[in-house]
Amino acid sequence: MVIEDKNIVLAATCLLLSVADADEVLEDGELHIIEDIIKDFFELPQEEATGFVQSAQNKLKAAAGLFEFGQILNAKFNHQEKLEFIECVFEVAYADGDLHYLEHHTIKKIAHILHIERDEIIAAKGEIEAYLD
């Protein structure tokens, strides 16, 4: 998906970072996976993806919550793109090999903001678990 609006990429990166940091341990492996996801999902060069991750870390620290980022994605993503994004969110959560309960809680908040149903969340989780096995 080629994106013209950099705010969409920044918002998506902030949401991915919020999951990685939900357990209050942001590992290098999680950052690399987020970079790879942003690079692949938005068809960006590596250095641009790295820049977005760095910018998003600062933006996320200053944010009042996740809603503002989810609203940006709601305005620009269709339902299928939201489902694909939630799979990416699960991929970040499993980056350290374990789905921490705080990561899972954050994923459910993001999915709620993006209007993704419970059965769709379960399906996305299953897709990523199968992919990672």
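Mentor: Here are some labels and the values behind them. This is a predicted model, where local features need pLDDT of at least 70, side-chain atom pairs count only at pLDDT 80 or more, and totals for chains, interfaces and linings use all residues. Residues are numbered from 1 along each chain as its sequence is written, and side-chain values use heavy atoms, with hydrogens and water left out.

Trainee: Why are helix 5 and helix 6 called roughly antiparallel?

Mentor: Helix 5 (residues 79-93) and helix 6 (residues 101-113) pack at about 165°. Angles over 145 degrees, on a scale from 0 to 180 between N-to-C directions, count as roughly antiparallel. The pair is therefore roughly antiparallel. Their axes, lines fitted to C-alpha atoms over the stretch in contact, are 10 Å apart.

Trainee: Which residues of helix 5 and helix 6 meet?

Mentor: I86, V89, F90 and A93 in helix 5 meet E103, H104, I107, I110 and A111 in helix 6. By class, that contact has 7 nonpolar, 1 polar and 1 charged residues.

Trainee: What makes E30 buried?

Mentor: E30 has a relative accessible area of 1%. Buried means under 20% (1.4 Å probe, protein chains only). So E30 is buried. E30 lies in helix 2.

Trainee: Which residues is E30 in contact with, leaving aside neighbours within four places in sequence?

Mentor: Contact means heavy atoms within 4.5 Å. E30 is in contact with A20, V25, V92, A95, D96 and E103, with those neighbours left aside.

Conventions: Helix = DSSP H or I, 4+ residues; strand = E, 2+ residues; numbered from the N terminus. Parallel < 35°, antiparallel > 145°, perpendicular 65-115°, else oblique. Nonpolar A, V, L, I, M, F, W, Y, C, P; charged D, E, K, R; others polar. Buried < 20%, exposed > 50% of the residue type's maximum accessible area, 1.4 Å probe, protein only.
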